[in-house]
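I opened this notebook to record what I looked up in one structure.

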Amino acid sequence: MTTAQEIMTRATTTVQAEDSVKDVGKILLQSGHHSIPVVNVAGHLVGMIGERDLIDANREIHLPTMLTILDGLIPLGGMHEYEDELRKATAVTAAQLATTKVVTAGPEESVDAVAEKLLRKEVHALPIVDTAGKLLGIITRSDILQYLLKS
């Protein structure tokens, strides 16, 4: 069984949690990837920032439609989406913009398990972390395809 650590990219391009959103955009464009891991000074994964996050950070905020019933306001469409838009629009640092609920894999997980996570969660890249949360590498959909074509 081939494991994640055997096909992952170890020299992963990352951004630091305190990097500015503008710098993150430049680094992401230069890397040629769809998303990039955000790490703290100890190298632990803090979150991921994707192209969509950066685009969302520069869009206009759409206020939720409210319905008034008995002097109470009920948001239509959900407040979570509005709160997320507001968080992204006001983000100054990578840590503030990053998605923190990141799907990850361990270095000993099988390539099949990693591929399943990539497809089910509809992400382009999966950080590989140790049990303490330290970033070891990353596997992208392209890495999976390259592995499959070699087999």
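I note first that the model is a predicted one.

**Entry 1**

Three strands form an open sheet in the order 1-2-3, with mixed pairing. I found strand 1 (15-16) and strand 3 at the edges, each pairing on one side only. I then looked at what packs on this sheet: helix 2 (residues 21-31) does, and it touches strand 1, strand 2 and strand 3. The direction of helix 2 makes about 130° with that of strand 2.

Next I took the two pairings in turn. Strand 1 and strand 2 run parallel and are joined by two bridges. Strand 2 (residues 35-39) and strand 3 run antiparallel, with five bridges between them. In general, strands of a sheet pair through backbone hydrogen bonds, in either a parallel or an antiparallel manner.

I also listed partners. Val 38 of strand 2 has Val 15 opposite, and Val 38 also stands opposite Gly 47 in strand 3. The bridge partner of Pro 37 in strand 3 is Met 48. Between strand 2 and strand 3, the hairpin has five residues, and there Gly 43 takes a positive phi near 85°.

**Entry 1: cover of strand 2**

How many residues of strand 2 are buried? I counted five of its five. In a regular strand, the side chains alternate between the two faces of the sheet. I therefore checked each face against the cut-off for buried, under 20% relative accessible area. On one side Ser 35, Pro 37 and Val 39 are buried, and on the other Ile 36 and Val 38 are buried, so both faces of strand 2 are covered.

**Entry 2: the largest pocket**

I recorded a volume of about 380 Å³ for the largest pocket. Of its 18 lining residues, the closest to the centre are Met 48, Thr 99, Glu 122, Val 123 and His 124. Strand 3 (45-50), helix 3 (51-57) and strand 6 (125-129) each supply at least two residues of the lining. By type, the lining divides into seven nonpolar, five polar and six charged residues.

**Entry 3: Glu 122**

I returned to Glu 122, which I located in the loop between helix 6 and strand 6. Is Glu 122 buried or exposed? Its relative accessible area is 66%, so Glu 122 is exposed. I also noted that Glu 122 has a positive phi of about 55° although it is not a glycine. Most residues other than glycine have a negative phi.

I found Thr 140 in strand 7 (residues 135-140). Thr 140 counts as buried because its relative accessibility is 14%. Leaving out residues up to four places away in sequence, Thr 140 touches Leu 118, His 124 and Ala 125.

Ser 142 is in helix 7 (residues 141-150), and with a relative accessible area of 44% it is partly exposed.

**Entry 4: Ser 110**

Which residues are in contact with Ser 110, leaving aside its neighbours within four places in sequence? I noted Met 1, Thr 2 and Thr 3.

Key
Residues are numbered from 1 along each chain as its sequence is written. This is a predicted model: local features need pLDDT of at least 70, side-chain atom pairs count only at pLDDT 80 or more; totals for chains, interfaces and linings use all residues. Side-chain values use heavy atoms; hydrogens and water are left out. On a 1 Å grid over the protein atoms alone, a cavity is a set of points where a 1.4 Å probe fits but cannot get out, and a pocket is an open set with protein on both sides within 12 Å along at least five of seven lines; lining residues have an atom within 4 Å of a point. Grid points are joined across faces, edges and corners, and a volume is the space filled by probe spheres set on the points. Helices (H or I, at least four residues) and strands (E, at least two) are DSSP runs, numbered from the N terminus. Ala, Val, Leu, Ile, Met, Phe, Trp, Tyr, Cys and Pro count as nonpolar, Asp, Glu, Lys and Arg as charged, and the others, Gly among them, as polar. Two strands pair if DSSP finds at least two bridges between them. Contact means heavy atoms within 4.5 Å. Axes are lines fitted to C-alpha atoms, for helices over the stretch in contact, and angles run from 0 to 180 degrees between N-to-C directions. Buried means under 20% relative accessible area, exposed over 50%, partly exposed in between (1.4 Å probe, protein chains only).
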